[in-house]
Amino acid sequence: MQTRRDMMTRSAAVAALLAGAGVLPARAQTAWNKAAFEARGVDAVLKALGIAKPAESPDIVFTAPDIAENGAVVPIAASTALPGVKRIAFLVEKNPTTLAGVFEFSDAVETSVATRIKMGETSNVLAVAITGDGKVLYAQKEVKVTLGGCGG
Amino acid sequence: MNLKPLALAGAALLAGCGTAPTPQQLDRETQDVIKASFRAQGIATLDRLNQDELQQACSAEQPPPAELAKRLEAAQLATVNWPSDGVYLGDWREGEKLAQNGRGMTWTDPPGVPAGGNCYNCHQLTRAEISYGTIGPSLYQYGKLRGVANPADPAAEAIVRYTWGKLWNAKATNACSNMPRFGHVLNPAQIKDLMALLLDPKSPVNAP
Amino acid sequence: MSDPMRIRAQVQGSGAIVRVLMSHEMETGLRKDAAGKTVPAWHITEVTAALNGKTVLSAQWGTAIAKNPFTQFVVKGAKAGDKITISWVDNHGDKRSDEATIA
Amino acid sequence: MRIAPLLGALLLAAAGPAPAQTSTADGIAQYRALLADGNPAELWEAKGEALWKQRRGPGNASLEACDLGLGAGVVKGAFVELPRWFADTRRVQDLESRLLTCMQSLQGLDAAAIAATPFGKGEQANVESLVAYISAASRGLKFNLPQARAEERQMYEVGKRVFHFRAGPYDFACVSCHGEAGKRIRLQDLPNLTVNPGDGVGFAAWPAYRLSSGELWGMQRRLNDCYRQQRFPFPGYASDATIALGVYMGVQAKGAASSAPAIKR
């Protein structure tokens, strides 16, 4: 059985693919990329996003806590002064689904964003920046997730 | 719950007398307030509010007098069940799981599920676990610091027995200790596993 | 119906910092309820931010964005009095849009 | 030349320079600093304000005529003087208990039914929104619970005794965890509530947004979960034991500035 939602997400995946290739203008790149969000593992996510293998770069400024008191809410932020970065994706290596979110920047905003993510366990977290001409750079940090409360 | 004007003992206590209530009156008032305020829920039944002598003696702002504390400790020591088979240590791996587990005995816990040991809530135990509490002392290197190289060695017997007693009934050595009397909570096999976590030279507690 | 967002937009230097709090469960689809039944995924999928009606930032979110999501970004060249509009859509198709004036 | 984008600079400032290795305590402090700006409790504050002003219930009335202790409709400053004695109910009441009174007397809602509703559901959720709004209106003000009346002083004395009341299968009392400074459970700091814990700590930090549940907890829910963890039976919502504890902790917190609603693990 195919629902309307499936069809929508399928066309969305196509649009995202095109967007990844830089075919569509920024405005049209908002369709939800189901394949990428359901992918497990960093490589699978990168493939679903249609982007090249990234290179680690000190130009990606990635802020995340060393220790998360609560994995349900982990504050993270990424920014870069590099020109041409259009998107930043956040990936959590050990989460059941790896991709947390993708932010897309127009020229009217700074290439910088802060958000809060969930982490199931201690893991590497990656901020992956994608330029308009297909360069992919990343920064990463291990965030320790601790057990809390009375455990009850 | 009580949405009616607070009446019972409170009003009676205040009525017709200009002086402040005595401590004894306030103690009685507190008992009434507690009785009226709690209800049974799940496995947490109202009989849990019935204090034993020790709980009562340890419910004041000040600790009980030394003499009473001594008597209470002796009475608690007498409750300790020593292992019938003479075996004190179980499996430290199971002990570590128990130490991590803070569940059990709350009104949201289903009946019949064995309780955890709650150890990390209050104690440091291993180097690896950074999320530990500090209400109790650090137990990291517990056996090693006490020179226990072989828990079966007669030379280690005193510390092995002390540790068993502490786990079974912490009140036997410190009447108003914050530590629960785990002999009432855990079964003997679980206590043996915790013993191993603390005293087995291979346990991460004693790892260099 | 969903609750309003909280949007704070303040001029800072040559731009404006925008902080947004959204009211949303962000269910992962992995959690089980008290009866042991899996709670289905329910999360925001797409977010857009517009300055005076023109989209300046957009985002796609999965289930790993925290409950009651918080997002912060900086709009270049924004002035006091400019309008910031934030919109989201979730996987149930629910939508919400709220507006704030930059102060 | 722009070296670091504005936001990046701000975030780094909040987190401090990040050395490769930090101690656990520093790491947790850094984590909390990163969350300090953007407390989802704001969502409840906004909802609570709307609920306060909205005509609701069989009485089709708002709560704007509710007397929280400083006169009908006065919200600012009321929170830091609660619990207190109320002449109309002839009872010492905390914020939640007082809200039930107003919801019943002004709006015609059933206070007993609300008290019996599970936390976070139905009108209970509304009470917690109201609590967020009302406490936020006193943010930064110092606690100053009235103790002029004999009933208020008596509730303090009873609260002190309830705080020290050890019972249950684990022999716990409130004081087991909150009687000494500098202690923690796992990594969560435990304020010593037998003395004044200081500004924005302990009593002065609740209600709070709980990261673990993603909900706003009022003092009633906080106390309820404390008692659950103490392995006690269930304390009635707005029962005298919980209100007495509020009086005891509130009086101990005299002079401490309120940070409620705060953000907690």
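Let's start with a hairpin. In chain A, six residues link strand 5 to strand 6 as a hairpin. Strand here has a set meaning: helices (H or I, at least four residues) and strands (E, at least two) are DSSP runs, numbered from the N terminus. Strand 5 covers residues 85–92, and strand 6 covers residues 99–105. The two pair antiparallel over five bridges. Pairing needs a cut-off too: DSSP must find at least two bridges between the strands. One place to look is A:Leu91, which stands opposite A:Leu99 in strand 6 of chain A.

A quick word on the model. It is predicted, so local features need pLDDT of at least 70 and side-chain atom pairs count only at pLDDT 80 or more, while totals for chains, interfaces and linings use all residues. Residues are numbered from 1 along each chain as its sequence is written, and chains are lettered from A and ligands numbered from 1 in the order in which they are written.

Back to strand 5 of chain A. Is strand 5 buried or exposed? Eight of its eight residues are buried, so strand 5 of chain A is largely enclosed by the rest of the structure. Buried means 20 or more other C-beta atoms within 10 Å of a residue's own; exposed means 12 or fewer; partly exposed is in between; the C-beta atoms are placed from the backbone.

Now chain A as a whole. It has three helices and nine strands. Along the sequence the pattern reads α-α-α-β-β-β-β-β-β-β-β-β. Of its 152 residues, 55% are buried. Take the contacts with a separation of 6 or more: 61% of them join residues 24 or more positions apart. A contact means two C-beta atoms, placed from the backbone, within 7 Å.

Six strands form an open sheet, ordered 2(A)-4(A)-7(A)-5(C)-2(C)-1(C), with antiparallel pairing. Which strands sit at the edges? They are strand 2 (60–63) of chain A and strand 1 (6–12) of chain C, each pairing on one side only. Neighbouring strands are turned by 15 degrees against each other on average, direction ignored. Within chain C, strand 1 pairs with strand 2, residues 15–21, in the antiparallel sense over seven bridges. C:Arg8 has C:Arg19 as its bridge partner in strand 2 of chain C.

On to helices, in chain B. Two packed helices are described by the angle between their axes and the distance between the axes. Take helix 5 (residues 92–100) and helix 9 (residues 188–199) of chain B: their axes come within 7 Å and cross at roughly 100 degrees. That makes helix 5 of chain B roughly perpendicular to helix 9 of chain B. The residues in contact include B:Trp92 and B:Leu98 from helix 5 and B:Leu194 and B:Leu197 from helix 9. Two definitions go with this. Axes are lines fitted to C-alpha atoms, for helices over the stretch in contact, and angles run from 0 to 180 degrees between N-to-C directions. Angles under 35 degrees count as roughly parallel, over 145 as roughly antiparallel, 65 to 115 as roughly perpendicular and the rest as oblique.

Chain B also meets chain D. How many residues are in contact? 49 residues of chain B touch 47 residues of chain D. Helix 2 of chain B gives the most to chain B's side, with eight residues. The chains also share strand pairing: strand 1 of chain B and strand 7 (residues 234–235) of chain D pair antiparallel over two bridges. B:Phe38 has D:Pro235 as its bridge partner.

Last, chain D itself. It comes to 10 helices and eight strands. Its C-alpha trace spans about 65 × 45 × 35 Å along the principal axes. Of its 265 residues, 57% count as buried. Three of its strands make an open sheet in the order 6-5-8, with mixed pairing. Strand 5 (residues 208–210) and strand 6 of chain D run antiparallel, joined by three bridges. In that pair, D:Ala208 stands opposite D:Trp217.
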